[in-house]
Structures are given as C-alpha cells and as structure tokens.
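Reader: Hello! Could you take a close look at one part of this structure with me, the way its helices pack against one another? I'd enjoy a connected walk through it.

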Amino acid sequence: MLTGIGSVNWNDPGMRQAAGLMTETADVLVHYQGGNDTGWTLTRPEGSYLFSLLPEGILHDGTVCVLGDGMVIDLDYLRHEISMMNYFHVRVTPENLKLSSRAAVCLPLHVRQDVLADQFYHASGRTQPPAGIAYAYADQITRVGLTLGDLLHLELPENQYRMRRLLAGKNLLMTRIYDQQPLELSEMLQWCSEQAKFFAPFICDTGAFIESADAAGKNVLFRAPLGALSDVSYGFYPNAACFHTLLGYAPICSGLPGRMLDRTIGVMSAVSGTVGDGPFPAGKAADKNWEERLSAKMQRQGDDSDAALRIGPFDAVATEYGVRCQHPESILLTGLNLLSGFSVIPIVTGYRYGGKTVQHLSALDAGSAIGEAEPIVTGVPGWSEDLTGISCFDQLPENAKAYIRTLEKLAGCRIGRVLTGDGSGSGLDPHSTNADSLS
C-alpha cells in the first residue's frame with residue numbers, strides 16, 4: 001500500500017509526532033522532496049542530536065529509508081549524520097538507506113553561494129541557515145547540476161562538459177559579484193570522486209525498489225518535511241520554501257510516475273506554526289501573553305525544538321486552502337493538549353486586506369498579499385483538563401470535543417484521528433466512542 005502523509009499548513013509543529021507514529025508500521029519510508037532544511041531529534045541515554053536528511057525510520061529495524069528523486073542531497077551533511085548515527089549505535093547501511101540516482105547533488109559551491117548571497121543582500125533576518133538547496137534546485141532546472149547517478153559516471157564527456165559549464169557560471173558570480181577567488185575544477189572533481197566512492201553502494205533506482213516493495217505487499221509511507229503552504233507553485237509564493245511539497249507529487253518525485261497513492265493523510269495542528277520568514281497572519285492573531293504561555297507548553301512537551309518556530313492560533317483560512325491543495329482522505333489532528341488550561345482559545349476565521357474580508361483563499365490571494373492581511377479572530381471556550389492518556393472521544397472535556405468539531409468544519413475535511421498528550425499512544429477516533437488504534 002502506498003500511503004502519503006503531509007501537512008495541510010506550513011511546517012506543522014506536530015508533523016514529527018505524526019510521522020513518528022506512522023513510521024512505526026511502515027516497511028519503507030520515503031522522503032521525496034527538500035533537503036537538510038528541517039529536522040527531527042534523536043534522543044538516547046547518551047544524549048540528543050538533531051538530524052535533517054536521514055528519515056526517522058532509520059531507528060526502526062526492518063524499515064528501509066529512501067531519499068527520492070525530488071530531493072537535494074548535501075552528501076557532506078549526510079555523511080556527518082551517518083557518522084553520528086554510528087556514534088549512537090544506529091546501523092546505517094545500503095540495506096536500510098537507499099538514495100535515488102536522480103536526486104540532485106548539493107555541492108559545496110551551492111552552500112557557499114547561499115552564504116555569499118545572504119551577505120550580499122544583507123539577509124540578516126533569515127531564520128534558517130544557508131544550506132544551498134535553492135541553488136542546487138536552480139542548477140538542476142537549468143540542466144547544469146549533477147545527480148547522484150552522475151557521480152558514478154564522472155568520466156563521461158557529457159558530465160565533464162556539464163561540470164565545466166556549471167563552474168564557469170559560478171566563477172562569474174564569485175569573481176565579479178562576490179569578489180571571491182574562482183573555484184577549481186580539479187577540486188570539484190576530487191570532491192565528487194570521494195563522495196562517489198563512499199555512496200556508490202547506497203545509490204540505486206529507488207523507483208524500481210519502491211515498485212517491488214509495493215508488489216510484495218509492503219507498507220510504503222511517503223512524507224514531505226514541509227507543508228502545503230510551503231510549495232513554490234501552490235503555497236504562499238514568493239515566500240514558499242520548496243518544490244513539490246504536496247502529496248500529489250509523492251509518486252512522481254519518488255520514481256513512480258503514473259502511479260497514485262492508495263491513501264492520503266493530512267496532518268493538521270490545533271495551533272499554527274511555521275519556520276522561516278514570510279507571511280504568517282496567525283502570528284498577529286493573539287496577544288503576547290497567550291503566545292508566551294503556548295510557547296512554554298510546547299517547549300515542555302518537546303514540540304518546539306526549533307528556536308525559529310513562529311506560532312499562533314489555528315488559522316482556518318490557510319488550513320482550508322491547504323486542505324484543498326493536499327486533498328487528503330482524512331486529517332490527523334495534533335497538539336490538542338497544548339491548549340489545555342486556556343479559558344478562551346482564539347481561532348483565525350478570516351482575513352481583512354485590500355478593503356475586503358476573505359474566508360476562502362484563491363490562487364490570486366495566496367501570495368505576497370497575505371503579508372498585508374489582518375486576521376479576524378473568534379474566541380471559543382477552552383478547557384482546563386490535561387488530555388494525556390485519553391484514548392476515547394467520550395472521555396474528552398465537552399469544550400475539547402466542540403473544538404475538534406469546529407476545526408473539522410472549518411478545515412472542510414474529516415478528522416480521522418486526534419493525537420493527545422505527550423506523543424505516546426495512537427490517539428483517538430473522534431467519530432467513535434471506543435478506543436481505537438491507528439490503522
């Protein structure tokens with residue numbers, strides 16, 4: 001079975017919890033877009049470490065992790081993470097990690113270009129460290145970038161010619177714009193050769209691997225680290241972060257063009273959260289005291305491991321748009337317990353901008369105009385009870401039940417599962433009176 005899980009918002013603060021739960025039953029876990037710009041935390045008795053490229057499934061015996069066709073892979077970064085996994089006594093081999101031969105290579109020059117561009121444009125307010133991902137994608141689009149498969153055939157005249165073209169363009173930037181020394185082809189070739197030697201056993205046709213796993217009846221889970229509103233084509237452009245974040249891209253960006261997912265699950269948090277700059281109307285929807293209390297609760301529960309996370313109340317306008325983009329069969333709701341202890345819970349039910357009230361975004365609205373939007377906020381009754389350990393809908397406080405029903409109506413999609421508490425357990429079914437496990 002091919003299952004896709006993706007956020008219907010920005011970078012959902014509950015995505016790691018939801019993905020971790022789903023990964024427990026996955027035979028194959030596929031990341032199909034992005035690079036080392038989001039992360040998850042590995043906690044062991046000897047310490048904790050933040051990982052960005054290796055999927056969470058690497059912790060599960062029997063789960064094969066795939067970095068698919070649509071990814072940009074910084075091989076230096078990946079080698080570092082594999083080394084750290086070895087330090088934590090987690091085995092990473094070609095048997096449990098497979099890298100697509102079509103994935104784009106993030107070269108050291110891409111990271112360098114990202115750093116220099118930030119300095120040139122004085123991008124001091126940037127919340128994410130320069131990783132070179134956008135520049136690697138750009139070179140792939142202009143057909144001068146390298147794929148992982150190219151690393152295995154560096155001697156081919158076509159690859160040699162492409163590298164010379166790539167370097168010629170970069171050196172014009174380095175010398176004439178950034179006042180840097182030119183890059184040497186010999187250094188680039190040496191780096192590529194060393195990486196090829198290490199990663200050759202991991203590089204394969206991941207589409208063929210996934211196809212065979214599906215034919216054998218394996219559970220294949222596709223996950224994009226970023227949400228619907230971060231997609232360059234359908235998100236809040238020009239502040240969207242990446243290509244192909246939608247679930248509809250999962251088979252295409254994993255080597256299965258023409259295939260459809262068997263099941264799609266949208267992840268939605270009871271509160272809004274995003275990492276990075278760009279429009280975020282929910283960030284203007286609550287007073288400072290509410291935000292500080294919520295942030296403190298998130299830190300205690302481990303949901304706020306990224307210091308750059310911006311938070312706010314549930315945004316019905318953005319969520320309904322994201323649901324239309326993702327088109328999930330059902331919603332997995334996270335973060336409900338974060339709202340325990342608030343007597344009144346704000347919800348963004350509309351925007352005001354350009355002299356009009358907006359409750360349903362169109363493609364024309366979902367762009368830079370959102371930055372000027374003022375949120376319309378509606379308060380709903382809260383609850384005081386801790387929800388940890390509750391596994392049956394009937395056991396929830398009445399106001400918590402009403403809140404779930406309100407979010408379901410505003411999002412325009414059925415909520416099939418609600419995760420409560422500290423992330424343990426499989427959650428509850430809001431349409432059943434009996435405790436039920438995630439299937």
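Author: Happy to! Let's begin with helix α2 (residues 75-87) and α7, whose axes come within 11 Å and cross at roughly 40 degrees. Helices here are DSSP runs (H or I, at least four residues), numbered from the N terminus. The axes are lines fitted to C-alpha atoms, for helices over the stretch in contact, with angles running from 0 to 180 degrees between N-to-C directions. That angle makes α2 oblique to α7; under 35 degrees counts as roughly parallel, over 145 as roughly antiparallel, 65 to 115 as roughly perpendicular and the rest as oblique.

A word on the source: this is a predicted model, in which local features need pLDDT of at least 70 and side-chain atom pairs count only at pLDDT 80 or more, while totals for chains, interfaces and linings use all residues. Residues are numbered from 1 along each chain as its sequence is written, and side-chain values use heavy atoms, with hydrogens and water left out.

Back to our pair: α2 passes α7 in a left-handed crossing. Left-handed is the word if the near helix is turned anticlockwise from the far one by less than a right angle, and right-handed if clockwise. From α2, the residues Leu75, Asp76, Leu78, Arg79 and Ile82 meet Trp191, Glu194, Gln195, Phe198 and Phe199 of α7, where contact means heavy atoms within 4.5 Å. This contact of α2 with α7 divides into 6 nonpolar, 1 polar and 3 charged residues. In that scheme Ala, Val, Leu, Ile, Met, Phe, Trp, Tyr, Cys and Pro count as nonpolar, Asp, Glu, Lys and Arg as charged, and the others, Gly among them, as polar.

Helix α7 (residues 185-199) also has α6 (residues 157-177) as a partner: their axes come within 11 Å and cross at roughly 125 degrees. That makes α6 oblique to α7, and the crossing of α6 and α7 is right-handed. Here Leu185, Met188 and Leu189 in α7 meet Gln160, Met163, Arg164, Leu166 and Leu167 in α6. By class, the contact of α6 with α7 holds 6 nonpolar, 1 polar and 1 charged residues.

One further pair is worth a look. The axes of α3 (residues 108-120) and α4 (residues 133-141) come within 8 Å, crossing at roughly 120 degrees. That makes α3 oblique to α4, and α3 passes α4 in a right-handed crossing. The contact of α3 with α4 has 4 nonpolar, 2 polar and 2 charged residues.

How values were computed: Helix = DSSP H or I, 4+ residues; strand = E, 2+ residues; numbered from the N terminus.
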